[in-house]
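Please look over the sequence and the structure before reading on.

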Amino acid sequence: MAVFRSDPCGIICIIITYSAVFYADYVVIWHLVIPAMSNTLWGTFCVILFNLIVFLMTVSHMRAVLSDPGIVPLPKNGLDFSDLHAGRTIPNTKDGWSVCNKCETYRPPRAHHCRICRRCIRKMDHHCPWINNCVGELNQKYFIQFLFYVGMASCYATTMVVTSWVMDPNVTSTYKHTKLIHSVILIVECVLFGMFVIAIGCDQISSILGDETLVEQVKKEGIRREKKSMYSLLQEVFGRGHPLGWLCPLFTETSK
């Protein structure tokens, strides 16, 4: 089920993301590769590789944006929550299910209500404006893939800036000024996005291996689950397929 939020902040973040990506692609091709490596196979290889990274980043991002993060379905028939409206607390069930007083429905263990999505999300980690969606049980894999490819694109673009100046040091003075401006802007962009995805990526991996989402950490709910191996915890997010396929956003692997 495809979803898309009409949150203005999320839409602006998506526009910023793709503006930065298209600008980086433009600079790498027209100001770094073509002037310095247009007559070599190395230049062709660099363009293809960078655009492959951009393609995988785009696919993973769009899947994170449009995928159902794990929305808890609303009951077809209304449930009686008169006790809830009267101010009385409804206790959790023995198997961990609880009642959401906003959705007015039962929700499974580790599900939390998102005030922006206005729904309960299974195993909700946080709401991310950069994907205009919640990061939850069903799309966390794509979110981490997106972070990974943004990091790769940032490192590769930075490498291309250095390589271009080394391979073409005798650039004309007129064009040198333009190339320098684009190179500086691209480096700043790569550093900012690179630092951001490293911080968020480390936080995501830490949450997975600790078996505790960001929401659970903030609410200090504590870990009351059976301890699992690191590999099993990673499989819950990335699926039961081979680890080499965990970073490929083109296929869907079930974690069940």
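Is aspartate 211 buried or exposed? Aspartate 211 is buried, with a relative accessible area of 9%; here buried means under 20% relative accessible area, exposed means over 50%, and partly exposed covers the range in between, with a 1.4 Å probe and protein chains only.

## Basis of the report

The structure is a predicted model, in which local features need pLDDT of at least 70 and side-chain atom pairs count only at pLDDT 80 or more, whereas totals for chains, interfaces and linings use all residues. Residues are numbered from 1 along each chain as its sequence is written, and side-chain values use heavy atoms, with hydrogens and water left out.

## Overall organisation

The chain contains seven helices and six strands. Helices (H or I, at least four residues) and strands (E, at least two) are DSSP runs, numbered from the N terminus. Read from the N terminus, the order of the elements is α-α-α-β-β-β-β-β-β-α-α-α-α.

The chain has 256 residues, of which 45% count as buried. Among contacts between residues at least 6 apart in sequence, 64% join residues at least 24 apart, a contact being heavy atoms within 4.5 Å.

Side chains of opposite charge can pair when their charged atoms come close. Five salt bridges are found in the whole structure, each defined as a side-chain nitrogen of Lys or Arg within 4 Å of a carboxyl oxygen of Asp or Glu. In one of them, arginine 110 pairs with aspartate 211, and the closest N and O atoms are 3.0 Å apart. Arginine 110 belongs to the loop between β2 (105-107) and β3 (112-114), and aspartate 211 to the loop between α5 (173-209) and α6 (214-219), so this pair ties together parts that are 101 residues apart in sequence.

Arginine 110 also meets glutamate 216 in a salt bridge, at 2.8 Å from N to O. Because glutamate 216 lies in helix α6 and arginine 110 in the loop between β2 and β3, this pair ties together parts that are 106 residues apart in sequence. Both glutamate 216 and arginine 110 are buried, and the relative accessibility of arginine 110 is 18%. Through shared partners, Arg110, Asp211 and Glu216 are joined into one network of salt bridges.

Another salt bridge links lysine 228 with glutamate 236, with 2.4 Å between the closest N and O atoms. Lysine 228 is partly exposed, at a relative accessible area of 40%. Glutamate 236 is among the buried residues of helix α7 (residues 230-238), which also include Leu233, Leu234 and Phe238. Just after α7, glycine 239 takes a positive phi of about 105 degrees.

## Nonpolar cores

A nonpolar core is a set of buried Ala, Val, Leu, Ile, Met, Phe, Trp, Tyr and Cys residues joined through side-chain atoms within 4.5 Å. The largest such core has 35 residues, and those touching the most other members are Val28, Leu32, Phe50, Met57, Ile131, Met160 and Leu186. Two or more residues come from each of α1 (8-37), α2 (41-66), α4 (140-167) and α5. The greatest contribution is that of α4, with eleven residues.

Leaving aside neighbours within four places in sequence, methionine 160 is in contact with Leu32, Val33, Met37 and Cys46.

## Packing of α1 against α4

Two packed helices are described by the angle between their axes and the distance between the axes. The axes of α1 and α4 come within 10 Å and cross at roughly 30 degrees, which means that α1 is roughly parallel to α4. Axes are lines fitted to C-alpha atoms, for helices over the stretch in contact, with angles from 0 to 180 degrees between N-to-C directions; angles under 35 degrees count as roughly parallel, over 145 as roughly antiparallel, 65 to 115 as roughly perpendicular and the rest as oblique.

Residues making the contact include Val28, Leu32 and Met37 of α1 and Phe146, Met160 and Met167 of α4.

## Positive phi angles in loops

Arginine 110 is not a glycine, yet has a positive phi of about 70 degrees. Asparagine 132, also not a glycine, has a positive phi of about 50 degrees. Asparagine 132 is placed in the loop between β5 (126-128) and β6 (133-135), and counts as buried at 0% relative accessibility.
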